[in-house]
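Visitor: I'm new to this one. Can you put it up and walk me through it?

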Protein chains: 2
Amino acid sequence: MRAEILSIGDELLIGQTINTNASWLGQECSKLGIRIVHVTTISDEKQLIKDAVDEAFKRADLVLVTGGLGPTKDDITKYTLCEYFDSELEIHIPTLQRIEAFFSKRNRPMLDVNIRQAELPKKCTILENVNGTAAGMWFEKNGKILISMPGVPYEMKGIMMEQAFPRLQEKFALKALYHRTLMTQGIGESFLADQVQDWENEVREKGLGLAYLPSPGMVKLRLTSYEGESRAEEIDAYFKQLEERFPNYVYGKEDETIQLVLGRLLSEKKMTIGTVESCTGGSLAQTMVSVAGASDYFQGSFLTYTNELKNRLVDVSKHDLDTVGAVSREVVEQMAKNGREKLGVDICISTSGVAGPDGGTEELPVGTIWIGIATKDKVSAKKFQFGDHRERNIQMTVLTALNLVRCEILGILIEKK
Amino acid sequence: MRAEILSIGDELLIGQTINTNASWLGQECSKLGIRIVHVTTISDEKQLIKDAVDEAFKRADLVLVTGGLGPTKDDITKYTLCEYFDSELEIHIPTLQRIEAFFSKRNRPMLDVNIRQAELPKKCTILENVNGTAAGMWFEKNGKILISMPGVPYEMKGIMMEQAFPRLQEKFALKALYHRTLMTQGIGESFLADQVQDWENEVREKGLGLAYLPSPGMVKLRLTSYEGESRAEEIDAYFKQLEERFPNYVYGKEDETIQLVLGRLLSEKKMTIGTVESCTGGSLAQTMVSVAGASDYFQGSFLTYTNELKNRLVDVSKHDLDTVGAVSREVVEQMAKNGREKLGVDICISTSGVAGPDGGTEELPVGTIWIGIATKDKVSAKKFQFGDHRERNIQMTVLTALNLVRCEILGILIEKK
């Protein structure tokens, strides 16, 4: 089954909103073997929408439309599709009741514009939106399907998961493309490709698809079988080879985040963790806490952004701060060691560095980061040289620190690459 | 000038990568008056790329292509464009030298695949990539332009900013669409639209475009003049009207984040700030620290994820934790007040709540969040009821807390909506 995503909205074209809907739909459709062949983004204009639907129907059996269903005057998707499918609007009673309930539950008055959201085309199946007031719409024409949904991500996701995907699965016998992903941290794309050349040649000869998907600090390796799940075991075996060769880089599979993998490891080992952060300013803690259930192992942190707080909250030596400076082995080791005691945790990670864009010197250029780790038995620290971009440096530090802790717990030797 | 973005890569279609390049290009092009009329995403397949370029040239004068220039075997954009524009590859010496320098600076050996990246089509102008090894390419055909760039965001941005935009500005007399944006926090899209109905009608009658751009916790209002900057003052006056009517919701302009606005305010008032966080787990601090120069006002935080650390680090009463519980006015007020003293800051914000997805009860359902603020003169707390989504609840809490502090400093009365 071939599908096209049609995203409607000037805010997408002028870049005020990032099209995360398209990527989510791409992920979920892939899992069901619905192949997204095209993503198109256009403006909220009647003729453009009609033309784009025409084009999409030429390329695909299913068109997923997001956006333009809001209560405000710039939202015209519903009116345009009603015309396109030669239908007319009428009040859809269950939707009206749902909208009324939505507002009364929140103790808010219902507005005229919200009532108008219950006016829906006669010639479509209404897909209930439990998270908002704009209903989803399922149109059919010449054996092809168009599903229109609001652009608000969690409303769109609710409609797809609860309504649209079950109907699609029921209506079609969907055959799955089969993707598997291996997650690596700490090695660049070219280096990884170079080190796995023999493996890559073998994989490709066997007719599997391979893609390198780099993002800051990480490279994902995706293997694709075009014969569905039948080659799952083979793919597993190929991944296992890489895992054994590079235990320091390979940390997980299937888009698992490193914080999830580390969290699982900490839970298994019944270990607790905390952080003492300077340059990362809470990003390290926040990344760990983003995992549901993090309270099983994450206890708390000191964010010591200033030297004074490094000294006052976690007893970093004033002398060291004044002589070797905050961005040093001495300081991150004290932060980790003393933080570990004060937080009462098994493992404490510390960070201190020059995230940028300002504050770099010849000795400590922007991107210089020290990461410290304290456990019951030892305190260690490593220095890294990242780049010029503040956000990227913070992100690299967080990912690197989480992988360092994972390797520390598993007793894997880290080599810098 | 009409432009189309052509994003190439299976990773975009199956949603493993979010197309942030398209939104960045949309933003930057808008500023120069280049109107993005279409964004197309397709697979790494030769014929699809050629067809998409054909289609794009029908709709637009400029085609911005991202992706498919990496050193690995799945990257075919360069070879395809070389064919499309009827050219052939040859080693481009300056690029080869740059690649050599790139690797020697990083003390890394240069690989064969990297040398091949210096093989570039004869019939194009090479756009230097200072951040990576894949050069940008500028092709011309029948008065239309195609620019091909790597998909790695900061490499693409470097090529656009340093090379492509200056050339485009020089070559064409670009007339600007003029957008202005007003930022609001704490009021939903429908409510805002309802409250500004009179204003909206007037603005539209005057021929300005208005769009509501909602995201969790925020609504942006965008006014567009189709006659360029000539209506800037008029737009400013319209924005001023809303600012005066809703000082509690309207916090800024032009995509300024609330952390930036608050940071500026704190710097002006020479005030320092810190946080004591439970449910937000560092997100509040991290959001403030994401602003370059945050060290002028942000000092540090306690992240007290467990009750034990709430008591041990910031002296929250054990009795209160045991009786009224961690998610209560009593506890967030103590967190803010004691945290303020221990951090030695002028203002301290505290958070405690049920972020979800688990842990809700009938009395304290998921989404219940208390936010506390302590200043020299007073300690206050407010309770909020957000939704069911963990990430969204944390984000809403952070934005709401930052706006509360802004209003507190400015002496604006907050009404909940």
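Visitor: In which sense do strand β13 and β14(A) of chain A pair, and over how many bridges?

Guide: Strand β13 (residues 273-277) of chain A and β14(A) pair in the parallel sense, over 5 bridges. Strands here are DSSP runs of E, at least two residues long, and helices are runs of H or I with at least four residues, numbered from the N terminus. Two strands pair if DSSP finds at least two bridges between them.

Visitor: Before we go on, what sort of model is this?

Guide: This is a predicted model: local features need pLDDT of at least 70, side-chain atom pairs count only at pLDDT 80 or more, and totals for chains, interfaces and linings use all residues. Residues are numbered from 1 along each chain as its sequence is written, while chains are lettered from A and ligands numbered from 1 in the order in which they are written.

Visitor: Back to that pair. What is the bridge partner of A:Gly274 in β14(A)?

Guide: A:Gly300 is the partner of A:Gly274 there.

Visitor: What sheet do they belong to?

Guide: An open sheet of 10 strands, with mixed pairing. The order is β17(A)-β16(A)-β15(A)-β13(A)-β14(A)-β14(B)-β13(B)-β15(B)-β16(B)-β17(B). At the edges are β17 (379-385) of chain A and β17 (379-385) of chain B, each pairing on one side only. Neighbouring strands are turned by 15 degrees against each other on average, direction ignored. For such angles, axes are lines fitted to C-alpha atoms, for helices over the stretch in contact; angles run from 0 to 180 degrees between N-to-C directions.

Visitor: Which helix packs on that sheet?

Guide: Helix α13 (residues 307-314) of chain A does. This helix touches β13 and β14 of chain A, together with β14 of chain B. The direction of the helix makes about 135 degrees with that of β14(A).

Visitor: How do the two β14 strands run, parallel or antiparallel?

Guide: Antiparallel: 5 bridges join β14 (residues 298-304) of chain A to β14 (residues 298-304) of chain B. A:Phe302 stands opposite B:Phe302.

Visitor: Is β14(A) buried or exposed?

Guide: 7 of the 7 residues of β14(A) are buried, so the strand is largely enclosed by the rest of the structure. Buried means 20 or more other C-beta atoms within 10 Å of a residue's own; exposed means 12 or fewer, and partly exposed is in between, with C-beta atoms placed from the backbone. Across chain A, buried residues make up 49% of the 417 residues.

Visitor: How many residues of each chain take part in the contact between A and B?

Guide: 70 residues from chain A and 69 residues from chain B. Two residues are in contact if their C-beta atoms, placed from the backbone, lie within 7 Å. On the side of chain A, helix α2 (residues 20-31) gives the largest share, 8 residues. That side divides into 31 nonpolar, 29 polar and 10 charged residues. Ala, Val, Leu, Ile, Met, Phe, Trp, Tyr, Cys and Pro count as nonpolar, Asp, Glu, Lys and Arg as charged, and the others, Gly among them, as polar.

Visitor: Why do the copies meet through the same surface?

Guide: 97% of the interface residues of chain A are also interface residues in chain B, so the surface is the same.

Visitor: New topic. Which domains is chain A divided into?

Guide: Domain 1 (2-171), domain 2 (178-253) and domain 3 (258-410). The bounds come from an automatic or database domain assignment. The centres of domain 2 and domain 3 of chain A, taken over C-alpha atoms, are 30 Å apart. In chain A, 8 residues of domain 2 are in contact with 10 residues of domain 3. The domain 2 side has 3 nonpolar, 5 polar and no charged residues.

Visitor: And the sheet with β10 in chain A, what is its strand order?

Guide: β10-β11-β9-β12, an open sheet of 4 strands with antiparallel pairing. 7 bridges join β10(A) to β11 (residues 218-225) of chain A. A:Ser215 has A:Met218 as its bridge partner in β11(A).

Visitor: Last one: is B:Lys310 buried or exposed?

Guide: B:Lys310 is buried, with 27 other C-beta atoms within 10 Å. Its place is in helix α13 (residues 307-314) of chain B. Leaving out residues up to four places away in sequence, B:Lys310 touches several residues, including B:Thr304 and B:Met335.
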